[in-house]
Amino acid sequence: MATSVLEVGSPAPVSGADGLDLEELTRLHSGLSGQDLLRAFLGPKRPGPVALVSSFGSESALLLALVAEIDPALPIIFIDTGKLFAETLRYRDLLIGRLGLTQVRTIVPEADRLAVADPAGTLWLSDPDACCHARKVEPLERALAGFDIWISGIKRYQTAQRATMPTIELVGGRLKLNPLAPWSRERIETEFARRALPPHPLEAEGFLSIGCVPCTGRVRTGEDRRAGRWRDSDKTECGIHHSGALRAPAGKTDR
Ligand code: SF4
């Protein structure tokens, strides 16, 4: 059975930048999910700086709506890899207006870094892991500076690798909240429909999980929703959800 808390081994307390006891927060709130978990971290007793990280992909609107119902001014980090569909950028703008989001931050890779790592823009062909690192992981590291807590929209049903994802993890010296981790696809659909949220425009064209243009394909009937991502390769993740993928800020560790 999937656990709700990422196990940490040392008895020493883990503190955030403002002296937060991240392990204690994990213990207190690990049984929560959805808006119950979000309210514990976004309510009046907010324990520290929090950001939501969103791809504005096919299922993103629901978590954005759940957050907007609590705090539409929450900082939302959107990584524009430079390889995204134009439809995704337009969908981001549509949802900003529809949900009243006021703090969406679009983060791009540093030009100097790409000039070295991916000068021709074709690194995805030869080394997609390195491409994801330069275009997603590193920009996210920069964007999360100053935040003790970040929120992601991953779900356990999405991949085998995510099947045991806890609702709260201690990653890179920060808390990572996965409020939808235990939710089923049916529950996502129900809540999405209940709020009359607009779907990503590419869903109607058969793109059921949407990332960068070169690494996203249509999903055939009967296939898993993520089957079009990095098709014909073993790669299933961009890397930002790997435990330890993000470097710990100065003075912070997971041990
Ligand atoms: S999804 Fe593809 S194009 Fe986008 S960053 Fe990863 S490898 Fe590069």
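A quick note before you look. Residues are numbered from 1 along each chain, following the sequence as written. Because this is a predicted model, local features need pLDDT of at least 70 and side-chain atom pairs count only at pLDDT 80 or more, while totals for chains, interfaces and linings use all residues.

**View 1. The protein chain holds eight helices and six strands.** Helices (H or I, at least four residues) and strands (E, at least two) are DSSP runs, numbered from the N terminus. Starting at that end, the elements go α-α-β-α-β-α-β-α-α-α-β-β-β-α. Of the 255 residues, 39% count as buried. That word has a cut-off: a residue is buried if 20 or more other C-beta atoms lie within 10 Å of its own, exposed if 12 or fewer, and partly exposed in between, with C-beta atoms placed from the backbone.

**View 2. Here is the shell of 13 residues around the ligand.** A residue is near a molecule or strand if its C-beta atom, placed from the backbone, lies within 6 Å of it. P128, C131, C132, C212 and C215 come nearest. Helix α7 (residues 128-143) supplies the largest share of the shell, with five residues. Sorted by class, the shell has eight nonpolar, two polar and three charged residues. For that sorting, Ala, Val, Leu, Ile, Met, Phe, Trp, Tyr, Cys and Pro count as nonpolar, Asp, Glu, Lys and Arg as charged, and the others, Gly among them, as polar.

**View 3. Helix α2 (residues 34-42) has buried residues L37, L38, F41 and L42.** Look down the axis of α2 and these buried residues fall within an arc of 115°, so they line one face of the helix. The arc is that of the directions from the helix axis to the C-beta atoms. Their cover includes α1 (22-29), β1 (50-53), α3 (60-68), β4 (149-151) and β6 (174-177).

**View 4. Helix α4 (residues 86-99) has 14 residues.** At 1.5 Å a residue, α4 should span 20 Å, and its end C-alpha atoms are 20 Å apart, which agrees. The expected span is 1.5 Å times one less than the number of residues. Buried in α4 are T88, Y91, R92, L95 and L99. They cover an arc of only 105° around the axis, which puts them on the same side of α4. The face turned away from that buried side carries exposed A86, D93 and G97. After α4 comes G100, with a positive phi near 75°.

**View 5. The largest nonpolar core has 43 residues.** A nonpolar core is a set of buried Ala, Val, Leu, Ile, Met, Phe, Trp, Tyr and Cys residues joined through C-beta atoms within 7 Å. V50, A51, L64 and V67 have the most contacts inside this core. Helix α3 gives the most to it, eight residues. Apart from this core lies another, of 11 residues, among them L123, C132, W230 and C238. In soluble globular proteins, nonpolar side chains tend to be buried together.

**View 6. T102 sits in the loop between α4 and β3.** With 13 C-beta neighbours inside 10 Å, T102 counts as partly exposed. Leaving out residues up to four places away in sequence, T102 touches P72 and A73. Two residues are in contact if their C-beta atoms, placed from the backbone, lie within 7 Å. T102 and I76 are 26 residues apart in sequence and 8.8 Å apart in space, C-alpha to C-alpha.
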